[in-house]
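Welcome, and thanks for opening the viewer.

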Amino acid sequence: MYTFVTSFSESGYHEYAKNMLQSVVDKWNPKHFKLVAYYHDFDIDKEDAPKSDAIEYRNLNDVSEMLEYRERMKVHDGTEGGKMPYNWRLDAIKWCHKVYAMTELAFEMMDNDIEDNWMIWLDADTVTTKRLDVKQVKRWLPDKADLVHLGRKDVDYSETSFMGFNLGVHNTCSLLADLRGAYTIGEVVAYREWHDGFIFERLLNIYKAHGMVTNNLSEGVQGLAAFKQSPLSEYFDHFKGNLKQKANDMQVSPDVTGPKRYKQLADIVKFYKPKTIVETGTWNGGRAIEMALAAFQSHDKVHYLGFDLFEEATEELDKYEMNSKPHNTVDAVRNRLDEFAAKMAEKGKKFTFKLHKGDSKKTLARCKAIKKADFAYIDGGHSYETVKADYENLKHVPILVFDDFFSKDPAGNLPHEDNLGVNKLMKEIEAYGKVVLPSSDPVLGGGVTHLCFVANKEGLPKLPSEFTRVPIVVTPKDSRPKQEIIDNVKANKKLIKDFDWIKTSKVNNETAIIVSGGSSTDFYLLKERIAETGGKVFCVKHSYPKLLEQGIDPFACVILDPRPIDGTSTHGVVRKDLFKTVDKNTLFLVASMTDPSVTKHLLSKGANIKGWQAYSDALRDMSIKEKIVVDKETGIEEGSTLITGGTCAAMRTLAIAHTLGFRNFELFGFDCSIEGEMTEEMKKQSTETEPGKNKYFQVELNGNHFWTTGELLAMAQDCEKLFDNMEMDMGVVFHGEDTLCAEVWKSSKRGKEKHYSELLSDAA
């Protein structure tokens, strides 16, 4: 009998371990093999876990020594208690579960003086693909060996996804005791790195020097993927790191659409009009398609050369190269690009491509076709070694664009020095042109990500000035102190009888007509749209009196303002004056953080009020960093519907309507800018919160200039994100011209969508 052991958390169980366990049920003979599966921090009895005589489930939380260790060492979580960006090499908590599960079982087996000596660790992200053969396992674990491992020559520690321990040998038992002790007494943090692989290798080298006999199943292999290059790969698939997230070999990961710098990339391609494009870091093929579409604006033929590790990626490489995205198989990406080529052919365009799987440091050097490239996008590995090698192989290309040049964010944070490969390389490169493009794309853990443009050919036209203009970015924050907002929530809970009215509802076929406070609203058109669609009108406080004046009875008016009712609003109106007339047929959807003076005034007018919970950082329990938890002091019940979606009432109105089941939206009054000319007096006005700072300033978009405020620009940024988010199931029609938001709409993905009838006419 061979005894295997593994461990997993609740998220690990759902993400990958359940697949491993099912493969044990299907492929393991209980007469020859047993798996002891340690789970921690959840109750597996509540799950429909695979059952077999070959599987024994154990709760790792029953190991008190492990619980005591985690509590004592909790600050050493890879961030040192939030003081630095996460570093997996210095996470003394994450890897301890493996060590305690493995050693706990080993000690039990030693005490019981078992006849079958081998205990084998197997990572829970491993799937058995072939019926496990006891004779083959015996070859992996020969009796003459004290320990079996997966050694690597390209990094100074073994891959510890598979380890075999001969417990009939004193040296092996002592090594396991030393490994457990390194964690239990806290010695782990005295090492250069704190993960199990690093510490295991240090102990292994010591014991080998004292005569330990080992069997290395990956002798002489290159790279970091030792498991895949070992005899184990005949029987197992090991989905390390982001490969765990790969649901289907022929299905690519969803596109990443949020970062604004990718629009800059497309703009550069449009301007320089390349015909042959090289990309390192093809990933899911999405960026290849975007660049090709930009190039097709000038050419009928475009050739693409893509380089990526694809399914050969490993967890260690992901960490070393600062990759956080799930990997895709080369076949899945090839299939996607084939489909794109077919669609282009229908339009009379020819898209050809070649994908190269493997380490770009090697595959680029072997590829002769890159000599014809006139544009290269370097976004593969981000270590200095990799970006340097990619550059050396591609420096003959006239135009290079690098991703992931990092600068400090407003708080002064920057990614770890190990991840600043592009920054270091840019200091060394000598070129005819070298520009770091402006960006506001944040980095998880701190920092800002930029594209770097490099011109390697003399005489190339300079980047247009609009490519290098620094965008104005507004970082919204609550307009009132945290405690004041919490007090508002508590007060409104007492004032409003019908709270938590807004809940996730069935999808409906109705249209939500959202009217914001901008002056661009064409009321004649608005009435036409109400009549034609029969839609429900949602409004904000600034548009409410205007609608009543036009004889339009809004279905709902959304209130989101933690400031007193007798104060002056963003648009220079006393808030109380906005509610001189209240229609009793209007539902007033009042956020819990609204100033109670607003709620009391509406109640005095006989308004029909429904309460709702608007999420903001003021409501968050900031002591819990790993997830969003509402502060218990607010009194907001667990499970309440929290409405997110933007910095102002108009944006939250969209989220409310979507929550209520609306999927068709028409927008009016979304201006995000000031109508008419600015007076000298207005130019001198200061903001409400920062005296001396100008309230109004000018911005430019698509060559048009607009006067705006910080609050209105924050709304424009929210609209930009929404209009470019194609994942949300909603149809949007935008009404209005000559405003900042109208320009945002025209530049957005949703703004460029066509009705199918337009596609038919285009085809004709």
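Start by selecting Ile-530, which lies in helix α15. Keep in mind that this is a predicted model. Is Ile-530 buried, partly exposed or exposed? Its relative accessible area is 22%, so it counts as partly exposed. Now show what surrounds Ile-530: leaving aside residues up to four places away in sequence, it touches Ile-513, Gly-535, Val-537 and Ile-552. Ile-530 and Glu-666 are 136 residues apart in sequence, yet 9.9 Å separates them in space, C-alpha to C-alpha.

**Along the sheet**

Next, colour the strands β18 and β19. These two pair in the parallel sense over 4 bridges. Helix α15, residues 523-533, carries the chain from β18 to β19, and this β-α-β crossover is right-handed. To see one of the pairings, pick Val-515, whose bridge partner in β19 is Cys-539. How many residues of β19 are buried? The count is 4 of the 5, so β19 is largely enclosed by the rest of the structure.

Move on to β20. It runs parallel to β19, and 3 bridges join the two. Here Cys-539 stands opposite Cys-557 in β20.

One more step takes you to β21. Strand β20 (residues 556-559) and strand β21 (residues 587-591) run parallel, joined by 4 bridges. Select Cys-557 again and look across to β21, where Phe-588 stands opposite.

Now zoom out to the whole sheet. Its 8 strands follow the order β23-β22-β21-β20-β19-β18-β24-β27, with parallel pairing, and the sheet is open. Which strands stand at the edges? They are β23 (642-643) and β27 (731-734); each has a single partner strand, so one side of each is left without a neighbour in the sheet.

Select helix α18, residues 649-659, to see what lies across these strands. It lies across β18, β19, β20, β21, β22, β23 and β24, running at about 150° to β19.

**A buried loop residue**

Find Thr-594 in the loop between β21 and α17 (596-604). With 0% relative accessibility, Thr-594 counts as buried. Its contacts, again leaving out residues up to four places away in sequence, include Asn-488, Asn-492, Ile-559, Leu-560, Asp-561, Pro-562 and Thr-599.

**Aromatic rings**

Show the aromatic side chains: the structure holds 29 aromatic pairs. One of them is Phe-165 with Phe-200, an edge-to-face pair at 6.4 Å centre to centre and 85° between the planes. Phe-165 is in strand β7 (residues 159-166) and Phe-200 in helix α6 (residues 196-209), so the pair ties together parts that are 35 residues apart in sequence. Both Phe-165 and Phe-200 are buried.

Tyr-391 belongs to helix α12 and Phe-402 to strand β14, 11 residues apart. Tyr-391 and Phe-402 are buried too. Then select Trp-140, Phe-162, Phe-227, Tyr-235 and Phe-236, which ring pairs link into a cluster.

**The whole view**

Finally, clear your selections and display everything. The protein has 22 helices and 27 strands, and 52% of its 764 residues are buried.

Key. Residues are numbered from 1 along each chain as its sequence is written. This is a predicted model: local features need pLDDT of at least 70, side-chain atom pairs count only at pLDDT 80 or more; totals for chains, interfaces and linings use all residues. Side-chain values use heavy atoms; hydrogens and water are left out. Two strands pair if DSSP finds at least two bridges between them. Contact means heavy atoms within 4.5 Å. Axes are lines fitted to C-alpha atoms, for helices over the stretch in contact, and angles run from 0 to 180 degrees between N-to-C directions. Buried means under 20% relative accessible area, exposed over 50%, partly exposed in between (1.4 Å probe, protein chains only). A crossover is right-handed if, with the strands pointing away from the viewer, the path from the first strand over the helix to the second runs clockwise. Rings of Phe, Tyr and Trp (its six-membered ring) pair if their centres lie within 6.5 Å; planes under 30 degrees apart count as stacked, over 60 as edge-to-face and the rest as tilted.
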